[in-house]
Amino acid sequence: MPKAGPVALDGYEQIAAELSEDVGAQRVKMMGMPSLKHDGKMFLGVWGDDMVFKLAGESHAQAIALDGARLFDPSGQGRPMKAWVAIPPRHKSEWAALAKQAFEARNAA
């Protein structure tokens with residue numbers, strides 16, 4: 001597992017503070033990465049320099065269309081998690097909105 005980068009960790013901390021207060025999201029470590037979950041379902045994590053989100057529908061399609069975005073493949077062996085999208089730090093301005101969409105979609109897919 002890649003070490004969480006400083007930009008991604010900073011973004012995570014800001015998003016975690018907001019969502020823990022607003023909707024009761026919990027900070028956890030899942031799959032070896034800093035993550036957020038709600039009602040036992042993980043919807044966001046930090047993987048290296050990227051933020052990863054579990055998305056569905058139009059949110060997923062828009063996220064995967066961002067330059068440099070890709071399906072999240074934590075094993076690195078060509079077995080991506082279809083609902084999960086890794087978003088690079090060049091799109092950090094999108095992370096907070098994607099986190100809210102991932103929270104809303106946490107029961108989908």
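M1 is exposed, with a relative accessible area of 54%; buried means under 20%, exposed over 50%, and partly exposed in between (1.4 Å probe, protein chains only). The residue belongs to the segment before helix α1. Helices (H or I, at least four residues) and strands (E, at least two) are DSSP runs, numbered from the N terminus. This is a predicted model, in which local features need pLDDT of at least 70 and side-chain atom pairs count only at pLDDT 80 or more, while totals for chains, interfaces and linings use all residues. Residues are numbered from 1 along each chain as its sequence is written, and side-chain values use heavy atoms, with hydrogens and water left out.

Leaving aside neighbours within four places in sequence, M1 is in contact (heavy atoms within 4.5 Å) with M31, G32, M33 and W47.

## Positive phi values in two loops

M31, one of the residues that M1 contacts, is not a glycine but has a positive phi of about 55°. M31 sits in the loop that joins β1 (26–30) to β2 (33–38). Its relative accessibility is 41%, so M31 counts as partly exposed.

D39 is the other case described here: its phi is near 50°, again positive in a residue other than glycine. D39 is in the loop between β2 and β3, and at 62% relative accessibility D39 counts as exposed. For context, most residues other than glycine have a negative phi.

The structure holds 3 aromatic pairs. Rings of Phe, Tyr and Trp (its six-membered ring) pair if their centres lie within 6.5 Å; planes under 30 degrees apart count as stacked, over 60 as edge-to-face and the rest as tilted. The ring centres of F43 and F103 are 5.6 Å apart and the planes stand at 75°, so this pair is edge-to-face. F43 is in strand β3 (residues 41–47) and F103 in helix α3 (residues 92–104), so the pair ties together parts that lie 60 residues apart in sequence. Both residues, F43 and F103, are buried.

W47 and F72 also form an edge-to-face pair, at 5.2 Å centre to centre and 75° between the planes. This pair links distant parts of the chain, 25 residues apart: W47 is in strand β3 and F72 in strand β5 (residues 70–72). W47 and F72 are each buried. Together with W84 they form one aromatic cluster.

G45 is another residue of strand β3. At 0% relative accessibility, G45 counts as buried. Not counting residues up to four places away in sequence, G45 touches M33, P34, S35, D50, M51, V52 and W84; W84 is also a member of the aromatic cluster. G45 and A8 are 37 residues apart in sequence, and their C-alpha atoms are 9.3 Å apart.

## Helices α1 and α3

Helix α1 (residues 6–23) packs against α3 at an angle of about 40°, with the axes 10 Å apart. Axes are lines fitted to C-alpha atoms, for helices over the stretch in contact, and angles run from 0 to 180 degrees between N-to-C directions. The two helices α1 and α3 are therefore oblique to each other; angles under 35 degrees count as roughly parallel, over 145 as roughly antiparallel, 65 to 115 as roughly perpendicular and the rest as oblique. The crossing of α1 and α3 is right-handed, meaning that the near helix is turned clockwise from the far one by less than a right angle. From α1 the contact involves V7, A8, G11, I15, E18, L19 and V23; from α3 it involves K92, W95, A96, A99, K100 and F103.

A96, in helix α3, has 34% relative accessibility and so counts as partly exposed. A96 and S20 are 76 residues apart in sequence and 13 Å apart in space, C-alpha to C-alpha. F103 has R106 over the face of its ring, at 4.0 Å from the ring centre; a charge sits over a ring if NZ of Lys or CZ of Arg is within 6 Å of the ring centre and within 35 degrees of the ring normal.

L66 is in the loop between α2 (57–64) and β5. At 22% relative accessibility, L66 counts as partly exposed. Apart from residues up to four places away in sequence, L66 touches I87 and H91. L66 and M30 are 36 residues apart in sequence and 25 Å apart in space, C-alpha to C-alpha.
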